[in-house]
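Me: Please walk me through this protein, starting with its overall shape and then its disulfides.

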Amino acid sequence: MTEFLASSPAQAVEVESGTFSVVSEIGDPVGGGYPYAYTDGEGSADAMHAGWSDDGNRLTVIVLGANGDRWDVVMGAEYGKQLAPGTYTDAADTPTLGAPRLDVSGTFYGCESEGSFTIDRMVLGPRGYVEALDASFEQHCVGHEPGLTGQVHLTNPPPPAELALGVGLADSGTVGADGVPTVHGTVTCTEPVNVLVNGRIDQVVTKGSLATASYYTRVDCTPGTPAAWTATGTTNGGVPFERGNATVEFKAQAPDPVYGHTVVTDLGTSDVSLRRS
């Protein structure tokens, strides 16, 4: 099986179809003078993935062949600029300031290199997702006249939506005889995830002291149905809570199952009436 992967902070997402090909001239240290071709769905490439860097400066494709081949291709704009369709000349694996980056390493070797690349089409989604890529490249190892040329074509479905979370807090809670508060609410989600709900509870008690507590809990959330959560606070400072109003801060967070980053809701604050449990 051959896989196309992307070196990216984002989680790699399988693409719908793609091809990757290289023609290495005799004497080229990277490809060893052989041609290479990989096509999704024809045995040589059963799975492909693609991604780009968080700052939009570069895109890295990794090809793992069924026969043990490995290709790494990095295409990048000059430092501080975003990669865009067009032709990039005077590229190098370790470019000088103001030059683009191209680094192709293959089955045999990588090398100190120079070359050029052209991006004819590049459609990017969120968090490193590549919806489409059509690009070609030419590279020569420094000190070697023979080089290689290659092409990559990837097509992916429209990017999945990022995870969205919602969290709500009930306007009433409880306080036990030990002065420990408990609060509850619901969370909503757009993908099945395990959600961490946490926050802080504050209350000015009868004698003017401040009672404080932190809390957290986890709850499994399914899209379309609010998931109920309940959390008991851990008091700080030794001042017990009483019946009456308290101020509660709350937020929710969970990892996005597609893109891998952690989604955190905005911090909410609400008054809650604590009753004796």
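**Shape, burial and disulfides**

Reply: The radius of gyration of the protein is 27 Å, whereas a compact globule of 277 residues would come near 19 Å. That radius is taken over C-alpha atoms, and the globule rule is 2.2 Å times the number of residues to the power 0.38. This is a predicted model: local features need pLDDT of at least 70, side-chain atom pairs count only at pLDDT 80 or more, and totals for chains, interfaces and linings use all residues. Residues are numbered from 1 along each chain as its sequence is written, and side-chain values use heavy atoms, with hydrogens and water left out.

Me: What box do the C-alpha atoms of the protein fill along the principal axes?
Reply: The radius of gyration is 27 Å. Taken along the principal axes, the box of C-alpha atoms is roughly 85 × 40 × 30 Å.

Me: How many helices and strands does the protein have?
Reply: Both are DSSP runs, numbered from the N terminus: helices are H or I of at least four residues, strands E of at least two. The count is zero helices and 22 strands.

Me: What share of the 277 residues counts as buried?
Reply: Buried means under 20% relative accessible area, exposed over 50%, and partly exposed in between, with a 1.4 Å probe and protein chains only. By that cut-off, the buried share of the 277 residues is 45%.

Me: How far apart do the centres of the positive and negative side chains lie?
Reply: Lys and Arg count as positive, Asp and Glu as negative; His and the chain ends are not counted. Each charge is placed at NZ of Lys, CZ of Arg, CG of Asp or CD of Glu. There are 13 positive and 34 negative side chains, and the centres of the two sets are separated by 21 Å.

Me: Which residue does C111 join in a disulfide?
Reply: A disulfide is a pair of cysteine sulfur atoms within 2.5 Å. C111 is in the loop between β9 (101-105) and β10 (113-124), and its partner is in strand β11 (residues 130-141), so the pair ties together parts 30 residues apart in sequence. The S to S distance is 2.0 Å, and the partner is C141.

Me: What is the handedness of the disulfide of C189 and C221?
Reply: The sulfur atoms of C189 and C221 are 2.2 Å apart. C189 is in strand β15 (residues 181-189) and C221 in strand β17 (residues 210-221), so the pair ties together parts 32 residues apart in sequence. The torsion about the S-S bond is about -105 degrees, so the disulfide is left-handed.
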